[in-house]
Amino acid sequence: MGDPVVPPLTHWGKHQARVVGARIAAAAAGEVAYEPDRAAPVPQVVFSDPEVASVGMTEAEARDAGHDVVITRVPTSAAAGTGLLRDHVAGQSQLVVDAQTHLLLGATFVGPEVAELVHAATVAIVGDVPVHVLRHAVASYPTASELYLRLLEDLPREFRRPRA
């Protein structure tokens, strides 16, 4: 299938520089650098008003890759913290979750300053953190990060505990 096409973003370049630096340092020490078994998902942000931030697969990409997915979508205004940013919060936020593994495959946020939310989704994807564990991450109140809790609460009840 080949490597995914990654836009030439600054944060991708910085990541690649860290990987190369680790390889050089390991070789100098006579060691082998740690290499993950898959490509890292690269977050993307459009700094518009409202902002658009995403990481991982979209619903269509996940389905095309053969995943059975569950989508959860809430208005970005669904968290108390987003109301503090401005009076009228436009946008939707969405998670794409694998129905079998209960792992996060992708996330998209549209709203004011949502670029700050995408890193947590990136960590969840890279770390293969199941959504029943993500539900127990305490979001600071009142912040936009509460959107994760709203999104996770909207998943089917069986996603709230480890898979049998």
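Contact here means heavy atoms within 4.5 Å. This is a predicted model: local features need pLDDT of at least 70, side-chain atom pairs count only at pLDDT 80 or more, and totals for chains, interfaces and linings use all residues. Residues are numbered from 1 along each chain as its sequence is written, and side-chain values use heavy atoms, with hydrogens and water left out.

**Whole chain**

Colour by secondary structure. Along the sequence the pattern reads α-β-β-α-β-α-β-β-α-α-α. Of contacts between residues at least 6 apart in sequence, 63% join residues at least 24 apart.

**Stop 1: Val-46**

Select Val-46, in strand β1. Which residues does Val-46 touch, not counting residues up to four places away in sequence? They are Glu-51 and Val-52. Val-46 has 49% relative accessibility, so it counts as partly exposed. The classes are buried under 20% relative accessible area, exposed over 50%, and partly exposed in between, using a 1.4 Å probe and protein chains only.

**Stop 2**

Select the strands. The open sheet runs β1-β2-β5-β4-β3, with antiparallel pairing. Two strands pair if DSSP finds at least two bridges between them. β1 (44–46) and β3 are at the edges with a single partner strand each, so one side of each has no neighbour in the sheet. From one strand to the next, the twist averages 10 degrees.

Zoom in on β1 and β2. They form a hairpin with four residues between them and pair over three bridges. Gln-44 sits opposite Ser-54 in β2. Move on to β2 and β5, which pair over six bridges. There, Ala-53 faces Phe-109 in β5.

**Stop 3: the helices on the sheet**

Show α4. This helix lies across β1, β2 and β5, at about 175 degrees to β5. Angles run from 0 to 180 degrees between N-to-C directions, with axes fitted to C-alpha atoms, for helices over the stretch in contact. Then show α6, which packs on the sheet against β3, β4 and β5 and makes about 130 degrees with β3.

Back on α4, select Val-118, Ala-121, Thr-122, Ala-124 and Ile-125, which are buried. Look down the helix axis: these residues fall within an arc of 165 degrees, so they line one face of the helix. That arc is taken from the directions from the helix axis to the C-beta atoms. The buried residues of α4 pack against β1, β2, β5, α5 (131–134) and α6. After α4 comes Asp-128, with a positive phi near 50 degrees.

**Stop 4: the core**

A nonpolar core is a set of buried Ala, Val, Leu, Ile, Met, Phe, Trp, Tyr and Cys residues joined through side-chain atoms within 4.5 Å. Here the largest has 25 residues; Leu-95, Val-97, Leu-104, Phe-109, Leu-117, Ala-121 and Leu-155 touch the most other members. β2 (51–56), β3 (69–75), β4 (92–98), β5 (104–111), α4 (118–126) and α6 (146–153) each supply at least two residues of this core.

Finish on Leu-104. Beyond its neighbours within four places in sequence, its contacts include Leu-95, Ala-121 and Val-129.
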